[in-house]
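Hi everyone, thanks for coming. I'd like to walk you through a structure today, so please have a look at the screen.

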Amino acid sequence: MDVLTKMIDEDHEGVVFCTDRVLGLRAIIAIHSTKLGPAVGGCRFMAYGSENEAIQDALRLAKAMTYKSAVSELHYGGGKTVIIKSDSCGDRTLLFKKFGYFVESLKGKYITAVDSGTTTVDMENIHSETRYVTGITTKRSGLGNPSPITARGVVWGMKASMLELCGNASLHNKVIAIQGVGNVGYYLALFLKKEGAKLIVSDINNERVKKLANEIEVKIVSPEEICVQEVDILSPCALSATVNESVIPFFKCKIIAGAANNQLSKPEDADSLLQKGIVYVPDYVINAGGLIHVVAEYEGLSMEYVYEAVSKIYQRACNILSRSREKNIPTISIADMMVKEKINKSTTNLKT
Ligand code: NAD
């Protein structure tokens, strides 16, 4: 991959490589855009097949954060960190403190947070070196776990899609299939049950479905079957790219609305969904609850603010879905256009 060419093609501002030989730290901080404000985005700690793969992941995720921030009307840009997990990684506490040192060196241009493979304890360690971190524990005046808030945003997005499709936002008696009942999917199931929905769930981790089934009535199906259920809504809450050309022809849902990031494997998938008459509620529009939550924590705002801000996902999704219907172009294209317009209006991030 030609990194600089890719960065120019996709409007990335910069990438910072951070290393420490003794601690085995190999981190990539990708800053996609600071045009609307400091780049905010989580820190992943996971193994990759190659350094190239890790860089690609950081760039892709940072760009998605810019879009999520902008569409949610937050005064922030997008960034992401990938710390490559390997046998050579040393003491975890020191590793994250050292990463905090690098975040501090960016002087607030990038604000980090919890993501796959990191915990609030890691954020505490980063916090010992820099204030440019959010998603710390409630003990330290953090707002706690953002996953239930992400789930609430998804519920708002589902209601918007029901309004678009049936003229009524109620989820009562609607059949909803949830793919993945982890941090977000679990809360989503609980909230949807309260709305009176009928749930079909699946997870590759049996313990997770069992835990949920002990609490509420759900139908459990295998991970292979979940996508082909005849349902009102299919909710991808597991991995990226689960909406792809190999499964779209078999979909029997009316709506796709879930928490997973980058649900479409490629832009053309949005056209296929449109042709099939499936309403796709863009992922970064409805899964922004977690971002709204961590930004509120960073700014010292209350949970009341968070609930209010997340409820606005409903109107936002309604607007995008109706514009998509009127123009007969994919919902994701409408959302992308809104973001690009907003970023282009903000002419520069230079002082003069
Ligand atoms: P998680 O890891 O807690 O949950 C994902 C679940 O999906 C796990 O239980 C996993 O076993 C299951 N899973 C994996 N592959 C599966 C498959 N093929 N079929 C069925 N289940 C499968 O993650 P999470 O925090 O709940 O996040 C879920 C998705 O939402 C991710 O894509 C994440 O990036 C995105 N997201 C999360 C948040 C948040 O606040 N946690 C915010 C925005 C976006």
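I'll talk about the sheet and then about the aromatic residues.

Please keep in mind that this is a predicted model. Let's begin with the sheet, which is open and has five strands in the order β1-β2-β4-β3-β5, with mixed pairing. The edges belong to β1, residues 14-20, and β5, residues 110-114; each has a single partner strand, so one side of each is left without a neighbour in the sheet. On average, neighbouring strands are turned by 25° against each other, ignoring direction.

Now look at β1 and its partner β2, residues 25-33: they run antiparallel and are joined by seven bridges. One of the contacts to find is G14, whose bridge partner in β2 is I31. The two strands form a hairpin with four residues between them, and G24 in the turn has a positive phi of about 70°.

On to the rings. How many aromatic pairs does the structure hold? There are six. One of them is Y67 with Y284, edge-to-face, with 5.7 Å centre to centre and 90° between the planes. Y67 sits in helix α2 and Y284 in helix α9, so this pair ties together parts that are 217 residues apart in sequence. Y67 is buried, at 10% relative accessible area, and Y284 is buried too, at 8%.

There's also a cluster made of Y186, Y187 and F191. K211 lies over the face of Y186, 3.9 Å from the ring centre. Elsewhere, the charged end of K159 sits over the ring of W156, at 5.3 Å from its centre.

Notes:
Residues are numbered from 1 along each chain as its sequence is written. This is a predicted model: local features need pLDDT of at least 70, side-chain atom pairs count only at pLDDT 80 or more; totals for chains, interfaces and linings use all residues. Side-chain values use heavy atoms; hydrogens and water are left out. Two strands pair if DSSP finds at least two bridges between them. Axes are lines fitted to C-alpha atoms, for helices over the stretch in contact, and angles run from 0 to 180 degrees between N-to-C directions. Rings of Phe, Tyr and Trp (its six-membered ring) pair if their centres lie within 6.5 Å; planes under 30 degrees apart count as stacked, over 60 as edge-to-face and the rest as tilted. Buried means under 20% relative accessible area, exposed over 50%, partly exposed in between (1.4 Å probe, protein chains only). A charge sits over a ring if NZ of Lys or CZ of Arg is within 6 Å of the ring centre and within 35 degrees of the ring normal.
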